[in-house]
Structures are given as structure tokens and as C-alpha cells.
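User: I am new to this structure. Please show me how to read its main features.

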Amino acid sequence: MKTVKEYSLENFIRLCDCMDTDKFDGCVVSRGCMHAGYDLPPFRLRECFMLLCISGEIHVELDDESHVLSSRSLLVCPANNAVRMDCHRKADFICVIPTSDYLGRNYSYWKQILPLIMETGIQRKYIISLTEAESVRYEHMADCVMDYMHCDVRHEWVKETLSSGMRTLLYAIFGKLEAATGYGEGKRNTKSLSRSEEYFSRFMKLLSIHYRHERKVDFYASELCVTPKYLSSMVKEASGKTPGRWIDEVVMEEIHYLLKNSNISIKEIAYQLNFANVSFFGKFVKRYIGVSPRRYRVCDMTLNPVAGRGTAALG
């Protein structure tokens, strides 16, 4: 594969002249068409994305493996994977790009969705065959979402309808991924994991157990019997993020949930998550999202990290 250029979602949208882009709440759902001879240069997107092929064929090179996305099949590409696409025969498709921020606010992202998407990469099951009924169903759900995207989303009922439609579409896709990979049923063949993927998987399992009480990389490295430097290199290679970044994001997702969906006091939240005191907890939250926990709780704000604020800020 040629030189791979990395794109944020916004830059990727500008790159793709083969699809109309509809975006809502950090999630893209769009129809597109690739004509014969179309060639999309190698790229790496910071978000996961899915392509539902309606007709025709798209040739996909994903991390140096070649695949053919044909009618009634679904491509699932985890974030940060190198991808190249070209089309020999006109293809119509639907593209779905749910950002990690959107998934974090609407699903149990790091416990369920992220491991599920990672599993498709670990098993190299990037393309999943669909029945005709499934393909038609997904296409219909995506069309409904796109129709509502063109309505006045300032109206609360329209916004709620759109949000529900988006969740329905993604739940259907995630359910298909789970069935196709056997995720959660003990069917994983661990021999297929690279060393970095194996350490990342083990690290995430530990994190899901200990995140409320342990935020130091040294603890997780010790549990895995490796040095912090080695663990950092393995996790970064497998996921594109450092262990410290994962720890902060997981803790912040829990904080977001508790602040927005419970009546637990800020002091109690700080205690539950093992912060030394409320002041330290407040500084942690403010470094990540730019406002205090109290203000975040009372304002109608989403979990948008502030670029450049400490080590926890997203790039």
C-alpha cells in the first residue's frame, strides 16, 4: 500500500466526493456511489466506519489484505486501520460513521462496542455477508435516519426521533457483528491475535474490572507482568492510544454517566472513583472537558474533550 494519510472525520468528509454527507450529533449516515475507475487513495480514519454495499462491487485493501465488497455485504473497519478502495464496476453504498464521542454518550462504548469492533479486526472479519432481508432492512433504517436529518432538528420531537432511529440502525449492525464474530460466546481463537492485540485485550479486561480504583499504568503493567513502557508500546500499536489515555477515557465515561444520570453527589462520585478529594476530582474533569463537574451536571453539554488540556485531552 502507498503512503497512508490520516484523517479526522471532518477532513475525511471533504476528501470523499463520492457521497453526500448527512451528519447529526457526531454520527454520519450517507448514501454514495462509486463509478468504475474511481480510486480512493490510501487513508486512515480516526473513527470506525461501516459500508453497506447495495449494488456493484468495491475492491478494498485493508491493512494489506484484499477484499471484495459486493451487493448485500457489510464492511466494518475499526478506527486507525489503513484502507484503500477502488471500483471496477459502479457501486451504490450507504456509509455509517459513528464517532467514538457519539458511541461513548449513547452506548456502553468501552465495555461492549469497542471490544466488538476490535474483534472484527482480530478475526479479520471485515466483510460480513447479509441476507436480502437484512440488507433491505438496514437500507430502510438508514434512509429513515437520512430523511429526518433533513428536517428541522431544533424541534425536540424530531431530534428524539432521529436519535432513536440512529440507535436502532446501530443496534441492528452491532447485533449482526456479534453474531458473525461469535463475540461473547467464547469462540475467539486466541492464536489469531498478534502480541499487541493480545496485550490490548488483556489490558482492557483488567481496566473494566479495576478502573474505579486504579488509574496508574504501573498497576496494569504489574498485573500483566511487563514494564509500563512495554505495555504502552503494545497498547498504542494495537489501538492507536496509550494506556493512560484509555484509562482517562474510561473513567470520564463513568463520570459522565454518573453526573448526567444519577443524583449521587459530586463528593460521593469522587469517593467512588478513588480520587483523593473533591478538588482533585474537579481538576481532573476540568482538564478533560474544560468545565467543572458541577457546571457540567447542570448544563446541557455533551462529552466534548477540550483539545490541548493536559494528557487526557483527545487528539
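Analyst: We go through confidence, helices, strands, cysteines and salt bridges in turn. Keep in mind that this is a predicted model.

User: What is the mean pLDDT of the chain, and what share of its residues reach 70 or more?

Analyst: The mean pLDDT is 82. Of the residues, 87% reach 70 or more.

User: Where is confidence lowest, and where is it highest?

Analyst: Helix α3, residues 109-122, has the lowest confidence, with a mean of 70. Helix α7 has the highest, at 95. Two stretches call for care. The pLDDT is below 50 over residues 187-191, a stretch with 6 contacts in the model beyond near neighbours in sequence. It is also below 50 over residues 300-315, where the model has 40 such contacts.

User: How should low values be read?

Analyst: Where pLDDT is low, the predicted coordinates should not be read in detail.

User: Now a helix. What span should α6 have, and what does the model show?

Analyst: Count 1.5 Å a residue. The 16 residues of α6 should then span 22 Å. The end C-alpha atoms of α6 are 22 Å apart, so the model agrees.

User: Which residues of α6 are buried?

Analyst: First the general idea. An α-helix has 3.6 residues a turn, so residues three or four places apart point the same way. Now the case here. The buried residues of α6 are Ser196, Glu197, Tyr199, Phe200, Ser201, Phe203, Met204, Leu206 and Leu207.

User: How far is Tyr199 from Ser232, in sequence and in space?

Analyst: Tyr199 and Ser232 are 33 residues apart in sequence. Their C-alpha atoms are 9.8 Å apart in space. Ser232 belongs to helix α8, residues 228-239. Its relative accessible area is 24%, so Ser232 is partly exposed.

User: What does Ser232 touch, not counting residues up to four places away in sequence?

Analyst: Ser232 touches Val217 and Pro243.

User: On to strands. How do β2 and β3 pair?

Analyst: When reading a strand pair, look at the sense, the bridges and the residues that stand opposite. Strand β2, residues 23-24, pairs with β3 in the antiparallel sense, over 2 bridges. Lys23 stands opposite Val28 in β3. The hairpin of β2 and β3 has 2 residues between the strands. In this hairpin, Asp25 takes a positive phi near 55°.

User: Over how many bridges do β3 and β8 pair?

Analyst: Strand β3 and strand β8, residues 82-98, pair over 8 bridges, in the antiparallel sense. Cys27 stands opposite Pro98 in β8. Strand β3 itself, residues 27-34, is mostly covered, with 6 of its 8 residues buried.

User: Next, cysteines. How many disulfides are there?

Analyst: A search of the whole structure finds 0 disulfides.

User: Are Cys48 and Cys53 buried or exposed?

Analyst: Cys48 has a relative accessible area of 8%, so Cys48 is buried. Cys53 is buried too, with a relative accessible area of 0%.

User: Last, how many salt bridges does the structure hold?

Analyst: The structure holds 9 salt bridges. One of the pairs is Glu134 with Lys176, whose closest N and O atoms are 3.2 Å apart. This pair links distant parts of the chain: Glu134 is in helix α4 (residues 132-149) and Lys176 in helix α5 (residues 156-181), 42 residues apart. Both Glu134 and Lys176 are buried.

User: Which parts does the Arg212 and Glu254 pair tie together?

Analyst: The closest N and O atoms of this salt bridge are 2.4 Å apart. Arg212 lies in the loop between α6 and α7, and Glu254 in helix α9, so the pair ties together parts that are 42 residues apart in sequence. Arg212 counts as partly exposed, at 26% relative accessibility. Glu254 is buried, at 12% relative accessible area.

User: Which residues are linked in a network of salt bridges?

Analyst: Arg31, Glu139 and Asp143 form such a network. Elsewhere, Lys241 forms a salt bridge with Glu249, with closest N and O atoms 3.0 Å apart. Lys241 and Glu249 are both buried.

Technical notes. Residues numbered from 1 in each chain as written. Predicted model: local features only at pLDDT ≥ 70, side-chain atom pairs only at ≥ 80, totals over all residues. Heavy atoms only, no water. Disulfide = S-S within 2.5 Å. Buried < 20%, exposed > 50% of the residue type's maximum accessible area, 1.4 Å probe, protein only. Salt bridge = Lys/Arg side-chain N within 4 Å of Asp/Glu carboxyl O. Helix = DSSP H or I, 4+ residues; strand = E, 2+ residues; numbered from the N terminus. Pairing = 2+ DSSP bridges. Contact = heavy atoms within 4.5 Å. pLDDT = per-residue confidence, 0-100. Expected span 1.5 Å × (residues − 1).
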